[in-house]
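Hi,

Here is the model I promised to pass on. Have a look when you get a minute, and my notes follow below.

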Amino acid sequence: MQDLAWTGIFFIPLLAGAAAVAYFILRFRLLRHCRAAAEKSLAPLRSKDLPLFYASYYIKQNCLRRFFRLPPTLEAKLTRRAAAAPDKTLPLLARLIRRQPHNQRLLLLYADLCRLFHRRPEFHHTLGQIRLPIFFPAALKADFFRLSALDELYQTDMHTASSLASRALKICQQQGFSFEEAECYQTLAQIYRISGVFDVAATMLREAGKIYAEMALPAKQAETEAYLGLVEIGRENYSTAAEYLAAAAAACRKSALHKTAADIANWQGLACYLQKNMEKARTFFAATLSSPSAAPEARAFAAEMLARLSLQQKDYPAALRRADEALSCHQKNRHRPGIFENLYLKAEIYYAAADYEQSAAVLTALIKEKSPPSSTYYPANAYTLLGLIYSETGRINLARTLFKQALDLESSLNRIKGAAVDYNNLAELSLREGHKEEAEKYLRRALEYAETLADKELINYLKSKL
């Protein structure tokens, strides 16, 4: 019995050692298998154009299932399909969700695809349906937080958006999901860029760029380079922006990324437009419109900018045609911010062409509708332009009421320049009626706002009227 006891003492460590060796062999083989499988999954995506859909989590799960010879899950199949054909996967997912309305993974994937196709009302609604279980995989929780950050960004709540994106980033770093980590960096870059914190936005983009370079994803590398160009546009460093955008466009040509190239051509056109180089801007926007690979939202933006260029040249029929083209794209995609912006653009074109009746009809319809918070269109603009129409047609009292309504909106949103413009408009009406003291009071308020902005052009204009 004593001999057996001594044998047991030596046998147990040997057994533990053998188990450890077996574990490390299994781990080594599993890691090698996962690397090979991940590379196989990633290879077809390397030459893929945007929108690129890729998920480290699902690829790692697929590796494990293949290693242990387990069948793929429905979510894994749909994720793989989304990477290959996102446009065809979206309606399929919608049908599946009607049958399984509480399948959180399907809802999460559907929300992500809605985001890719700019279907923001559906994106927002779908996120609102998701209820994360306590034991939901950490990587999927990160996806939910990142998408929620983008939703808050669209709703203009930058503080909450930043907090959610940072939370997602921390999870991805802990879990070792590189692609998702880069996506979080890009999300944070968007938040900081729109908030005007350009240095941090550029840092976030460079971090994302390093990961995309390691993974050899040309489309995402080009996209990151182009976003750095947008950061420089925000800084008004147009020559630097042009360099980033040109490098991104060259990368697209090298890898035949036609859809991404069309997006970047729009941004190149925007940089030229802001530099007052209108003919070069027109060339870039026309290139996007002529590209068969351009996404509907890219075509809409190009058409809208061409409308603005035609408006500047007082070619009103051409401007209306382009505005209608952009509006049609947004209506097909149910992109409400784009619809509002282009309807207001049409009102501006009608006003410039002295077609006050048509302009007023569009503006009245816009005022009655509640505009989405993510839109660059402001209801105050519609009140102001409608006030100008009534001022032109001699309906002074109604014009004054509209300017005051616009002023209330501008003040509530802290839009200082808009408020200065509305005070100036009220001063114009007072001068027309011979109320010089009242006009001077309005002009001095307008000047206060202009001085707050340090807008020299507006300051000099207002001083010349005092």
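Predicted model: local features only at pLDDT ≥ 70, side-chain atom pairs only at ≥ 80, totals over all residues.

Residues are numbered from 1 along each chain as its sequence is written, and side-chain values use heavy atoms, with hydrogens and water left out.

Confidence: the mean pLDDT (the predictor's confidence in each residue, from 0 to 100) is 83, with 82% of residues at 70 or more. Among the elements (DSSP runs numbered from the N terminus: helices are H or I, at least four residues; strands are E, at least two), helix H14 (residues 278-290) has the highest mean at 95, while helix H1 (residues 2-46) has the lowest at 51. Over residues 21-28 pLDDT stays under 50.

Helix pair: the axes of H5 (residues 104-116) and H6 (residues 120-129) come within 8 Å and cross at roughly 160° (lines fitted to C-alpha atoms over the stretch in contact, angles from 0 to 180 degrees between N-to-C directions). H5 and H6 are therefore roughly antiparallel (over 145 degrees).

Rings: there are 8 aromatic pairs (Phe, Tyr or Trp six-membered ring centres within 6.5 Å; planes under 30 degrees apart are stacked, over 60 edge-to-face, the rest tilted). Phe-285 and Phe-301 have centres 6.1 Å apart and planes at 70°, so that pair is edge-to-face. Phe-285 sits in H14 and Phe-301 in H15 (residues 296-312), 16 residues apart.

Cheers

Technical notes: Parallel < 35°, antiparallel > 145°, perpendicular 65-115°, else oblique. Contact = heavy atoms within 4.5 Å.
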